[in-house]
Amino acid sequence: MSLPKDISLDAILDSIADGVFTVDLDWNITYFNAAASKITGISSRDALGHKCWEVFRSSICDGQCALKYCLKHKENITNKSIFIIRPDGQKIPISISAAPLHNKKGEIIGGVETFRDLTAIHIFRQQVEEKYTFEDIVGKSQALTRIFRILPQVARSNSTVLITGESGTGKELFARAIHNLSERKNRPLITVNCGALPENLLESELFGYKAGAFTDARKDKPGRFVLADGGTIFLDEIGDLPLSLQVKLLRFLQEKTIEPLGGTETIKVDVRVIAATNKDLGQMVEEGSFRQDLYYRLNVVHLRLPSLRERREDLPLLINHFIRRFNVMQDKAIQGVSEDVLAILMRYNFPGNIRELENILEYAFILCPGGFIQVEHLPEHMQNQSKRAQNTPRTLEEIKCQAVLDALARNNGRKMATCRELKISKDTLRRMLARCQKMAQN
Amino acid sequence: MGGEKIICLACYGERLAAIIDNASHFLLFKLEDNEIYPAGSISLPSRDLPGKISLIKSCGVDILICGGISGCTIYMLQEMGILVIPWVAGTVEQVLSALKDKTLDKLAMPGCEIGPGCPFRKRRRRGRFGKN
């Protein structure tokens, strides 16, 4: 069955949600539909006539081209998962199908590729598998700069890493990013919350036990260290590790061996340790509740994650990130937050850090039917806080600080635009923000 | 641009790679007194991006010229003090010639722009009364 002659093929192809493009035998793009423009961020006018790899910029463009394979082997490819990079620097996961194009004589005259945006599926999968990379860490503030600078080198080394920071600053996300950037990424990442289990149970969970070690120990059970062999173990809340287990962990860090409960032989395991805590381990050492030798063994590479108060300029980016994510997960089309909401969020202290911001936005998503999130969609304590804040008299320094934060909010966190608006230099803004952070901490 | 600079081209075959993740080798050049001299080639056996970033840093690269690149990777490289000039397409020969002539903006990938921070593009003169 063929299409009726009065129906335009362009109109049909432009109406579908999948991207479609065609190339000639020289790999020049000859057709680019509306969805292709939307997904790639490149207009059809810009794309036509250019080499497909210059437009598509995918993970298979150099050496693993699906179209080239189709044309060479005269067969189709379906549902291959790859990613492309848009002109705004976003990596978009897509699935592609490719096929050769023939003329009426049956000669190959080019190829056609269709592709589908997998962003939503990717977000869901990431949520389930918790497979995060450094590209999932949102933020461009000075406070994150040092960490970003050393993260790839830290990840590729085998050194023990200690991550500290307040609750909700993303310690586990960083641990996962380090693991997924390391050469151990194809081996397991095992997470243990040292504060969540009683001492005896934690010991058997970490190091395993032998049959007969205690009542009900009918058969051998491998510990988390054995399960993580070749990979990484993430010890969360390391500050809550009992002193007796601190000795066993220290022994592992020194000798790379463990001894299961009730066992007589040591087992050699190759595991990288990443530990995290929101406690001050240095102070715990002074108080005698944390072993000094273990502290130094863990503290080979120390990453201190800044609180959200110290990286307020990242708020607009983080808000956009969560809105995008919630839109996908809750099938909504919220466009963003209103200026008033942004101003409230910029002033708020976030004792629960990024996790609290996420919860606030999740709450707002429940109440907001569409468009922009308004003040009335925020949790009540934030609405009250904004009213209280309006009535409280402030010092001159606080008023200055507020003006800077408000301007930063108005300019979506863009520092240069804020400087232009306030007619101050970049250095003055930096100094002002540092003073604001200090004030917020007090 | 004062002093000696190391320029790195992220290549695939005879041209720039479509995205830096795919680069099969880095071509290094020395820029001295506005002259460009070859300074070596490094083949990249794996497609591992963090490894490439570490390599760029350890080679003392000052300027990276590449095709597509994620915003996060640009940020990470910039934080290492490297000037990143992304969204460039063309053969190595075309890129080198554009570097000499300061016409790199003409090699921008479709739908992309090579920003005003790039030292290898001529400054556009505006008329006395602005654009028109």
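## Where chain B meets chain A

Between chain B and chain A there are 7 residue pairs in polar contact, with both partners at pLDDT 80 or more. On the chain B side, the elements that give two or more residues to this surface are helix H1 (49–58) and helix H2 (71–79) of chain B. Sort the chain B residues that touch chain A by type and you get 17 nonpolar, 8 polar and 6 charged. Keep in mind that this is a predicted model.

In terms of contacts, 31 residues of chain B meet 32 residues of chain A. The two chains bury about 2700 Å² between them, and carbon and sulfur atoms give 63% of that area. Three residues stand out here: Tyr75(B), Met76(B) and Pro110(B) supply 23% of the area that chain B buries against chain A, more than any other three residues.

## Salt bridges across the interface

The count of salt bridges between chain B and chain A is 2. One to look up in the viewer is Asp21(B) with Lys91(A), whose side chains come together at 3.1 Å, N to O.

## Salt bridges inside chain A

Over all chains, the structure holds 22 salt bridges. In one of them, Asp270(A) pairs with Arg184(A) at 2.7 Å, N to O. The two partners sit 86 residues apart: Asp270(A) is in the loop between strand S12 (267–268) and strand S13 (272–277) of chain A, while Arg184(A) is in the loop between helix H8 (171–181) and strand S7 (189–193) of chain A. Asp270(A) is partly exposed, at 42% relative accessible area, whereas Arg184(A) is buried at 9%.

Next up is Lys248(A) with Glu203(A), where the closest N and O atoms are 3.0 Å apart. Lys248(A) counts as partly exposed at 23% relative accessibility, but Glu203(A) is buried at 17%.

## A helix-to-helix tie and a network

Glu397(A) and Arg435(A) form another salt bridge, at 2.6 Å, N to O. Glu397(A) lies in helix H18 (residues 396–410) of chain A and Arg435(A) in helix H20 (residues 426–441) of chain A, so the bridge ties together parts 38 residues apart in sequence. Glu397(A) is partly exposed at 27% relative accessibility, and Arg435(A) is partly exposed at 37%.

Finally, have a look at Glu205(A), Lys221(A) and Arg224(A), which are joined in a network of salt bridges.

Conventions: Residues are numbered from 1 along each chain as its sequence is written. Chains are lettered from A and ligands numbered from 1 in the order in which they are written. This is a predicted model: local features need pLDDT of at least 70, side-chain atom pairs count only at pLDDT 80 or more; totals for chains, interfaces and linings use all residues. Side-chain values use heavy atoms; hydrogens and water are left out. A salt bridge is a side-chain nitrogen of Lys or Arg within 4 Å of a carboxyl oxygen of Asp or Glu. Helices (H or I, at least four residues) and strands (E, at least two) are DSSP runs, numbered from the N terminus. Buried means under 20% relative accessible area, exposed over 50%, partly exposed in between (1.4 Å probe, protein chains only). Contact means heavy atoms within 4.5 Å. Buried area is the accessible area (1.4 Å probe) that two parts lose on being put together, summed over both. A polar contact is a pair of N or O atoms within 3.5 Å; within protein, one must be able to donate a hydrogen and the other to accept it, and residues adjacent in sequence count only if both atoms are side-chain atoms. Ala, Val, Leu, Ile, Met, Phe, Trp, Tyr, Cys and Pro count as nonpolar, Asp, Glu, Lys and Arg as charged, and the others, Gly among them, as polar.
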